[in-house]
Every structure is written in structure tokens, then in C-alpha cells.
Amino acid sequence: MRRQVREWIKDLLESFHPQDGDRVYNLIVEWTHDQLEIYIRITKERVTFGYGAIQWDGPHSPVPTKIDKYSLDRQELELAIDRSEMLLDYMIKTINSRKRQYRFCQFCHKKFPPEHRFDSKTCHGCASKEYFVVY
Ligand SMILES: [Zn+2]
């Protein structure tokens, strides 16, 4: 996974022009049975790292949303001795913090994110099957 992120950052830095306006770079990382959506948002002032998640606006209204996790001054990135290492560090930290939110389902034995959580040991899918919860 580290190699995938490193390659992605290399492409990002090659295509990145300091005079560009605000940009968001998205990366999908395959992990267990799921995909993690990680992003870097670069504006004139800030560099922000975070992950995509689902917010529920009611039981049948999933809304994809972006959760910011780390943010630093754009200056810090510009002044870094090794910009790609710096971005890599923050990306790995962001990925790990997203992974830590996942729990292991007692029924299907798959890991699930908090937004698909029925309780701490049961995912939505299995809650429907095992507890007859209707979503
Ligand atoms: Zn399950």
C-alpha cells in the first residue's frame, strides 16, 4: 500500500503547478473488503488531508462527505526538504486513522466503517439478516 501511495504522490507532484487554483486529489486504497477514499486538498493557504465517508441524513439518505483529518500551512509544504516524504507521512497517518475506525463484524467477519455500524460488533447488512432490522 505504501508503494501505491508513493507512486500516487509522485504523479501528483509532477502534475501540480503552484499557480493552480484550489485542487482536490483523490486516492482509492483497497483494504480488506472495502475501499478507503483518501484525499489531499491544496489551496493557496492550506494543505489538508482527509478521507471520504458517508453521513446519514435520515435512514435512507446516505450523503458522501469528506472528513478533514490533518491540515498544515501551504508554506510548510513549500519549504519541506522532501515534499513527497512529507505528503507520504500525512497520507499514511490519514489512512491509518481511517482504518482504526473499522470494526469486525461478528456475523460476516468483515470489517466495516462506523457509518455501516449497527452496534460495535454488527454491520448493517448482518443486522438486517440476523436481527430483522429494516433499513
Ligand atoms: Zn456483517
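Mentor: Before we start, two residues are in contact if their C-beta atoms, placed from the backbone, lie within 7 Å. This is a predicted model, where local features need pLDDT of at least 70 and side-chain atom pairs count only at pLDDT 80 or more, while totals for chains, interfaces and linings use all residues. Residues are numbered from 1 along each chain as its sequence is written.

Trainee: OK, take contacts in the chain between residues at least 6 apart in sequence: what percentage joins residues at least 24 apart?
Mentor: Start from the contacts between residues at least 6 apart in sequence. The share of these that joins residues at least 24 apart is 36%.

Trainee: In what order do the elements of the chain run from the N terminus on?
Mentor: Helices (H or I, at least four residues) and strands (E, at least two) are DSSP runs, numbered from the N terminus. The chain has four helices and eight strands. Reading from the N terminus, you get α-β-β-β-β-α-α-β-β-β-β-α.

Trainee: And what percentage of the 135 residues is buried?
Mentor: A residue is buried if 20 or more other C-beta atoms lie within 10 Å of its own, exposed if 12 or fewer, and partly exposed in between, with C-beta atoms placed from the backbone. The C-alpha atoms fill a box of roughly 55 × 30 × 20 Å along the principal axes. Of the 135 residues, the buried ones make up 16%.

Trainee: How far apart are the centres of domain 1 and domain 2?
Mentor: Domain bounds come from an automatic or database domain assignment, which here gives domain 1 (2-101) and domain 2 (102-135). Taken over C-alpha atoms, their centres are separated by 27 Å.

Trainee: Which element gives the largest share of the side of domain 1 that touches domain 2?
Mentor: Nine residues of domain 1 are in contact with seven of domain 2. By class, the domain 1 side has four nonpolar (Ala, Val, Leu, Ile, Met, Phe, Trp, Tyr, Cys and Pro), two charged (Asp, Glu, Lys and Arg) and three polar residues (the others, Gly among them). The largest share of that side, three residues, comes from strand 3 (residues 46-56).

Trainee: Is helix 1 parallel, antiparallel, perpendicular or oblique to helix 3?
Mentor: Helix 1 (residues 2-15) and helix 3 (residues 83-100) pack at about 130°, with axes 10 Å apart; axes are lines fitted to C-alpha atoms, for helices over the stretch in contact, and angles run from 0 to 180 degrees between N-to-C directions. Angles under 35 degrees count as roughly parallel, over 145 as roughly antiparallel, 65 to 115 as roughly perpendicular and the rest as oblique. So helix 1 against helix 3 is oblique.

Trainee: How many nonpolar residues does the contact of helix 1 with helix 3 have?
Mentor: Helix 1 brings Arg2, Val5, Arg6, Ile9, Lys10 and Leu13, and helix 3 brings Arg83, Ser84, Leu87, Leu88, Met91 and Ile92. Besides one polar and four charged residues, the nonpolar count is seven.

Trainee: What separates the C-alpha atoms of aspartate 89 and arginine 6?
Mentor: Aspartate 89 is found in helix 3 and is partly exposed, with 13 other C-beta atoms within 10 Å. Aspartate 89 and arginine 6 are 83 residues apart along the chain, and their C-alpha atoms are separated by 9.8 Å.

Trainee: Last one: what is the phi of threonine 32?
Mentor: Most residues other than glycine have a negative phi. Threonine 32 lies in the loop between strand 1 (23-31) and strand 2 (34-42) and is exposed, with 12 other C-beta atoms within 10 Å. Although threonine 32 is not a glycine, its phi is positive, at about 45°.
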